Amino acid sequence: MTTITTRTVEYAADSLTMIGHLALPAGTGRRPAVLIGPEGVGLSDVERRRAEALAELGYVALAFDLHGGRYLADPDDMLARCMPLLSDPDRMRGIGHAALDVLRAEPRADPDRTAAVGYGTGGAIALELGRDGVDLRAIGTVNALTTGRPGEAARIRCPVWAGVGSEDPIMSPVQRDAFTAELETAGVDWRLVVYGGALHAFHHPTVDHIVRPGVGYHPRHAERAWRDIVALLTECLPVTE
């Protein structure tokens, strides 16, 4: 395992002081950079470990914050915060741009070689960055088959990979069809992987607080989805010395 370094970073977004987790690979040179967005509950050790895993692969990785340093374990609190956010593309873009600015300002990061990976609400934010025309090399999402404002998907300038559980009651077949139709109409290079038998948030290890029905961890598919994301980055944003 290579030696990596980590630190917290504070920055302003959505009228909050956000607290992100930055992971840097070994060495001193510039490396491609990846933005990582968390599920609606907020930044946790799950996303921090994913940032560190990407740093071990040679990427500069920033796991960004959604709620000003809070983790919303109560489902009602999470929905009260996230539902208005998900219905407001400009707010999502503001959160995404603020985090991306921090990532691209990091001296170890190559600002011209970045990707965005997100889960749930964090994935929706990654997609909104694409719809806003941000120069990204790849967008990867899990549980985030969100559609945008009409015509704006045509601004996406990179491949999009999306993963979803077949039994996810939130990302229903109707939602899948709307998402893929939007990207196809826009001429986006897209891929959708449906993981059989998996629920919403299947990638996220079991937590010790109450979760909504239809949410559940599927360790085998979680590992597969992670490998698929790494493969996307390897293809579109390779680490070169």
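Does Ala 201 count as buried or exposed, and what is its relative accessibility?

Guide: Ala 201 counts as buried because its relative accessibility is 9%; buried means under 20% relative accessible area, exposed over 50%, and partly exposed in between, with a 1.4 Å probe and protein chains only. The model is a predicted one, in which local features need pLDDT of at least 70, side-chain atom pairs count only at pLDDT 80 or more, and totals for chains, interfaces and linings use all residues. Residues are numbered from 1 along each chain as its sequence is written, and side-chain values use heavy atoms, with hydrogens and water left out.

Ala 201 is placed in the loop that runs between strand E8 (190–195) and helix H6 (219–236). Helices (H or I, at least four residues) and strands (E, at least two) are DSSP runs, numbered from the N terminus. The backbone of Ala 201 has a phi near 60°, a positive value in a residue other than glycine.

Ser 15 likewise has a phi near 60°, positive although the residue is not glycine. Its loop joins strand E1 (5–13) to strand E2 (16–24). Ser 15 counts as exposed, because its relative accessibility is 80%, whereas Ala 201 is buried.

Helix H6 spans 219–236, and Cys 236 counts as buried at 13% relative accessibility. The cysteine sulfur closest to that of Cys 236 belongs to Cys 158 and is 7.6 Å away, too far for a bond. A disulfide is taken as a pair of cysteine sulfur atoms within 2.5 Å, and the whole structure contains zero of them. Cys 82 is also buried, with a relative accessibility of 1%.

Of its 241 residues, 52% are buried. The C-alpha trace spans about 45 × 40 × 35 Å along its principal axes. A contact means heavy atoms within 4.5 Å; among contacts between residues at least 6 apart in sequence, 69% join residues at least 24 apart.
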